[in-house]
Each structure stands twice: as C-alpha cells, then as structure tokens.
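Thanks for coming. Please have a look at the sequence and the structure, and then I will go through a few points.

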Amino acid sequence: MLGSQVIVAADPIISEFLAFNRQTNKDEDGDASDWIEIYNPNSTSISLDGYFLTDKRSKLTKWKVPNIALAGKGYLLVWASDKNRTDPAKPLHTNFKLAETGAYLGLVKPDGATIASDFGAKFPPPKMDISFGVPPAAGPDDYLIPTPIAANKPASLVADIVFDHDRGLYTKPFDLSLSSVTTGVSIRYTTDGNMPTTTTGTLYSRPIRIDNTTVIHAIGFQDGRTSTAVFTASYIFPANVLRQPEDIVGYPNPKEPINNPGPHQVDVPLTYGMNPDIVNDPQYAQQALEGLSQIPTVSIGVNPGTIFGPNGFYDTPRRKEGSKIPISFEYIDPQKSQSNIGVTAAITAHAKPKLKRSFHIHFNSKYGPSKLRAPIFDSAPFGGGGATNEFDDLILRAGNNRSWAATGSSSKTTYTEDEYVRQTQIAMTGQGVHGTFVHLYINGIYW
C-alpha cells in the first residue's frame, strides 16, 4: 500500500507460444516439443502458485502451475509436451500438446474460473517453427523468429485470416466477413478452386454474400510483411446440392464422354447432377436431403486444371503415379461441430484408369500440418473401435467395384459390402482396417 492507494498487480499473460515446433528449440529430452511462454508485466515478482494452463475452454483446471515466483518483467517457459512434469526445480511440461490445427489456449487464475490470458475461442492454425503471441504493442501476431524467454520482436508476418462464419452445412444465406488483426492488411479471395495470390483473385472490400454452396480461399498480404498462407472454408447448402446442375462452368461438358482407356472400362459420360427420379420424388426427396447431413463431409479445394487438365487426375495416359498436388482439405462432421477442421495438404490420384478415382491425401509439413489430428472414425457405424486420431495419410476410396462407374456392375451397386466386412470384423475381433463413409465435394461440386 502506498499512502491510501492499493497497488494491484497485473495478471501474468501468455506472451508467446509455438504449436508447430520442428527445429526452433528442444526440451531436455531432445524433443522439439511445443511450448508456452508466460510473462510477468509487473516490475515486482509475482507467484504463479495455483494458476492453470489449459487447451480446453470446458476444462479450465487441466494443468496446475507449480509454486514458482516469476520475477518482475520475467518470463517462464512451459513445454506443452503431454509429459506432465511439475517439479519447479526442473523444466516444466504440461499434460497436453498444442493442436496443429488450432485450439483454445488459456492461462487461468487460481480460482479455476477466471481467465487471466487467452487468444479467443481458438488460436489460428499454426505455421511450422513460427510462433504466435503478443507483440510490444497492438494485438496478437505471428513471429517469423520465435523468442522463447525473451521479449517479442516486432511482428514480421501478416496475422491469419479470420472467417466470421465457420465452415459447415447451412440452410439460410448470410454475409461472410474476412479480417485479420494486422492493421491495414489487404485480402484477396477466390471461389473457383484456384488459390489466390497477392496479385490474383478478388480484392476483398465488403462482406461476401453466401447463398449457395461456396468454397472460399483467402490470403492476406501487406508490404514489408510475409503474406499469410491460403485459408479455406466450405459453406454447403444441402438443398442446393440436390439441384446441382449438369453443366458446370470450367468443367468438361457432360454430354461428351471422357476417354477412359482400360481393359474393363468404356467411354462414360460425366454426371454432375443428382438423379431426378429421386430428388423429385416426394417419397425420397426429404430422405436424400437429410442424408447429406447424417454422415461427415470431406471438401477438397484444388485448381480445376488439376482434375481434368493435362497431367490431371483424369488424364490417365500422362498422370504420374505418386506425384503430389497441393490442396485444401476440410473435414466437417455436422453431428460434432468440434470436429470441423481445415488444413492444407497434398493429394495423389489412384493410378488405375477408372472414371471414378480414389484419392490419397498426404499430411506433410511441406504443405501444412505434419499430421491430421481429428476423430475421423468416431462416426463409423460401429464406432471408432480403437482407431487412432492422428494421421499421416488418408484414403478416399471410390469403391469402384461396387459402384455404377464400373462396367457390368448394375447388379452390385451397393457401395457398402467391402466396408461392412471390415467393420463387422472390428466389431467381432477388435482388429481390422478402419473406415467410414463421407460425402465428398471438390471445389463445392458434389463428387
């Protein structure tokens, strides 16, 4: 107390964190663990005894900070490694890791309920070896040069693009706003599958009206700073999907068959639209509409030329097996909103010359997060059955041998037989190959 004035200490803050560490620094075990930096903004020491760190807004007391005195203007580094080490005389480790797809991160006061510092509902998907935090002035930003246990340098990157509507399934039109905490940032976006650059795409100037199935790719840029990655969000209107037209600008005419050589294949015309015998029948139309939201959705954004152009997915004679193409990959589970994710990845097409291609999705630090972390198989008809939630690769399996795309299969178009065998095996023995059904969209086109 100074005279009659009570000096109240300011709360400590999370000043910087790294959620995608590969080579910035390593913990005492030699692991490139993620880390969180706590800063004391006061000129005198404060106690962190009883504070909590958490990566879940629904569980604020997830990891308790031990009894540590943090010097005035001092920093504390806590490794977010899931190793759960709390000896104050040794390096500290939380009992959780930071999600490479973005998540909540908060510092909670000893009462276990009051937030001392956080980054909103979810911090943006991190970039490899680039930290995020609070600069000397202004709002949160990315740092090309992380500074653990030291003052943050002026930001050198444009902060990530924020979409004010989450990706997902919608029934009513809305206006989509794009923003960044970087002051004076410019944003360009596209809706045709092509990725925007600092010179291509539409310059964002006002909210975008979304009244039909739309995939938005956006990039932020500013002179003197490194531009953002391309961020993507898919907005799907199931009622409009049922009325998807046969003619789609930028894609082959459905009246002209695709040359599809192979010993068991013939020239087959493309079909973009839904079967009118189903969607126009009062007995089945509502079931078809409901079905679009009853299982998860995968939405892929990719340059249209990559699909049907030279060396594209359907240019069979020239397509090189194993060659990877950058894409945006989104997984949307209408039944579990917390499972909605979007990342950049790579894709290769199945090498066999069939009209309906299978796709191999690769998660690699060259393109985005090194792994996809999501409960993909929790929605399988018999449950996940012990399946992992971390993936280096996923296969989008076309099921040609049970689909209408295979010649002579008109009596076998069940789609379900192969997966039924796999899942019943898991249900009976606990061992087997995991799979689940999803709706697939490419550039907003139901595939």
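Which strands each supply at least two residues of the lining of the largest cavity? They are strand 1, residues 13-18, and strand 11, residues 131-133. Keep in mind that this is a predicted model.

By type, the lining has nine nonpolar residues, one polar and three charged.

Next, confidence. The mean pLDDT of the protein chain is 84, and 84% of its residues reach 70 or more. One is residues 1-7, for which the model has one contact beyond four places in sequence. The other is residues 262-266, for which the model has ten such contacts.

Last, the backbone. Most residues other than glycine have a negative phi. Here are two residues with a positive one.

Lys73 is not a glycine, yet its phi is about 60 degrees. Lys73 sits in the loop between strand 6 (69-70) and strand 7 (75-80).

Asn443 also has a positive phi, near 55 degrees. Its place is the loop between strand 29 (439-442) and strand 30 (445-446).

Are these two buried or exposed? Lys73 has a relative accessible area of 46%, so Lys73 counts as partly exposed. Asn443 is at 11%, so Asn443 counts as buried, the cut-off for buried being under 20%.

Terms used:
Residues numbered from 1 in each chain as written. Predicted model: local features only at pLDDT ≥ 70, side-chain atom pairs only at ≥ 80, totals over all residues. Heavy atoms only, no water. Helix = DSSP H or I, 4+ residues; strand = E, 2+ residues; numbered from the N terminus. Nonpolar A, V, L, I, M, F, W, Y, C, P; charged D, E, K, R; others polar. pLDDT = per-residue confidence, 0-100. Contact = heavy atoms within 4.5 Å. Buried < 20%, exposed > 50% of the residue type's maximum accessible area, 1.4 Å probe, protein only.
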